[in-house]
Amino acid sequence: MPQHADLIVTNAVVYTCDLAQEWAEAFAVADGEIIAVGNAADIGALSTSETEVVDADGRMVMPGLCDVHTHLGSGGMQAAWELSLLPTDTLDEILAKVRDRAASLSPGEWVVGGVIGSPILEAAAKGGFLPALDEAGAGHPVLLRDESWHNRLINSRALEIIGVEKGTPDPEGGKYVLDAHGELTGVLQELASKVAEDAMAASVENPEERLRVAFRTALRMVNSFGITAAQDAAILEHNLRALADLDDKGELTAWVVGSLPSRPFFEEGAVGEELYAVAGNHRRTHVRPDFIKLFLDGVPMTRTSAMLSPYICHGDHEDPDFKGEPYLSLDDVAKELERCCELGLGAKLHCAGDGSVRLALDAIERVRKTRGDGPTFQIAHVVYVDPEDIPRFAPLGVVADASPYIWFPSVIQDSCANQVPGATFERSFPCRDLVDNGALLAAGSDWPVVPLPNPWLGIETLVTRANPDPAVPGELNPTQRLSLPEAIAVFTRNPAKAMGLGDKIGAIQPGRSADFIVLNHNLFEIEPNTIHQTQVLATYFEGRQVYDSTA
């Protein structure tokens, strides 16, 4: 161990997230790693005339946070280049924003933005919305993403560009939604969205530069919230190439673990075996394409999630016994997981329904019996999990990838409650039960499904299960509250382990990367319902300051 430090953090209240030593006064860093943690006097002895000293002025310091489920490229692209919409925006507000953006564009440019709330998409799917969107677009093609990012709303000009008209067959895995009269509504579900996304992307000049700007924007944003590690939940080769380039230049300010889609995604690019074969070319110290992404179903809002109980029936046009259909069979999922084992890659399995969660667990159980512990398997998003399946996570070594950001503030829950049976909905996000049954629970934002990748909202709602906005009363399954230390672990050491970085990040302890943040207050001295007001004053990545709130 080096006897002298490059950097010392002192006069701090250090919450280490190290169970062997939870609190400290100071720590020392050399060559980007933590070399000692302890009291101020002992750590001060490691200082030389060349040591940088960070006086925390008595503030709380903790490890950099981890986001186990995000989309850095998409989030950065939206923040840097696209129209920002809120899921709470009304129809009139959306149209006004589209109208303003269209007025600023050159002829032929697309109006691209998001996210629109599920209630707006539901209303648009009934028809009659296209004329208003066409008027707002003023001749420009318009593409708006919903809050799940599984569906899109486009106008007539965009439909014309992609060659879709009444009677056009649906693409495999997707749907061009028609109204009760058989007319196009402009709503695209699942992989029909990719058709529009591909056409929009083809119109963009210099996409490589736009992507570099998008990632730089994304990194600035996540660093500002204290995030220093992220798992991109669906990453293609052009994203990996851009991240590798940033790392080669010393500009990557977070660890990025990539999840490689096994089937066509919403962006154009190689997937499956073709992607697996080239992803390793872009591996770097901080870029790790170590997971495969499997989609087992869609989203509850459009009744494309696979459920164990039938969806709520709203009339004769709906089958009262419909439970949704998984995209893959048990044999298919097991085969994909066997391939993960062969390649030495983990898997992130998108499961938005309790039926798909059970399917995933059944497939994992089959593979574990023949392959042993093997690679890490994560189930996202554990929205609905049947009580019988909760005890299966820990014995199978399955990570529960939760998205507390989606609970509050969000209108997704209102839409889900309109589709999912009440008994199932009331068991939403069973975090307490998962933790009590020994499951490794890790949190992700799913940004840009949510407007900002703000982990402090997620930590608060894990503790309170209540809406951070006092003007909006409501709790979601309050029996599932976590303690503050448990909630912090869900954003630090748990996702670090889930991403395969458990020996490098997630705690302030010797041998770990010097990724840490300085906060404006002590989380343990404030009311739980004010955690969302937490401000990150400084973020350090490998001992280097990458965010300063005063800059």
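Between which helix and which strand does the loop with Asp515 lie? Asp515 sits in the loop between helix H18 (493–498) and strand S22 (516–519). Helices (H or I, at least four residues) and strands (E, at least two) are DSSP runs, numbered from the N terminus.

Before going on, a word on what you're looking at. This is a predicted model, where local features need pLDDT of at least 70 and side-chain atom pairs count only at pLDDT 80 or more, while totals for chains, interfaces and linings use all residues. Residues are numbered from 1 along each chain as its sequence is written, and side-chain values use heavy atoms, with hydrogens and water left out.

**The whole chain**

The protein chain has 18 helices and 24 strands. Its radius of gyration is 23 Å, close to the 24 Å that the globule rule gives for 551 residues, so the chain is as compact as a globular protein of that length. (That radius is taken over C-alpha atoms, and the globule rule is 2.2 Å times the number of residues to the power 0.38.) Along the principal axes, the C-alpha atoms fill a box of roughly 80 × 55 × 50 Å.

How much of the chain is tucked away? Of the 551 residues, 58% count as buried. Buried means under 20% relative accessible area, exposed means over 50%, and partly exposed is in between (1.4 Å probe, protein chains only). Contacts (heavy atoms within 4.5 Å) tell us about the fold too: among those with a separation of 6 or more, 74% are between residues 24 or more positions apart.

A salt bridge is a side-chain nitrogen of Lys or Arg within 4 Å of a carboxyl oxygen of Asp or Glu. Leaving out residues up to four places away in sequence, Asp515 touches several residues, including Pro63, Trp255, Ile505 and Thr228.

Thr228 belongs to strand S15 (residues 227–232) and is buried, with a relative accessible area of 2%. Among the residues it touches, again not counting those up to four places away in sequence, are Gly64, Leu65, Ala254, Asp515 and Thr539. Thr228 and Thr539 are 311 residues apart in sequence, but their C-alpha atoms are 8.1 Å apart in space.

**Salt bridges**

How many salt bridges does the chain have by this rule? The count comes to 31. Here are three of them:

| Pair | Closest N to O |
|---|---|
| Arg157 and Glu160 | 3.3 Å |
| Arg432 and Glu486 | 2.7 Å |

Take Arg432 and Glu486, which form a salt bridge. Arg432 lies in helix H15 (residues 431–436) and Glu486 in helix H17 (residues 484–490), so the pair ties together parts that are 54 residues apart in sequence. Arg432 is buried at 17% relative accessible area, whereas Glu486 is partly exposed at 24%.

Arg157 and Glu160 are another story: they are three residues apart in helix H6 (residues 156–161), so about one helical turn separates them. Arg157 is partly exposed at 34% relative accessibility, and Glu160 counts as exposed at 56%.

As for the Arg99 and Glu135 pair, Arg99 is partly exposed at 36% relative accessibility, and so is Glu135 at 47%.

Helix H2 (residues 72–81) is mostly covered, with seven of its ten residues buried. Among the buried ones are Leu72, Met77 and Gln78.

Now for the backbone. A cis peptide bond joins Ala380 and His381, with omega about 20°, and His381 lies in strand S19 (residues 377–381). The bond from Trp447 to Pro448 is cis too, with omega near 5°. Pro448 is in the loop between strand S21 (440–443) and helix H16 (455–464).

Finally, look at phi. Asp31 has a phi near 55°, a positive value in a residue other than glycine; Asp31 is in the loop between strand S4 (26–30) and strand S5 (33–38) and is exposed at 69% relative accessible area. Phe429 has a positive phi as well, near 50°, but Phe429 is buried at 1% relative accessibility.
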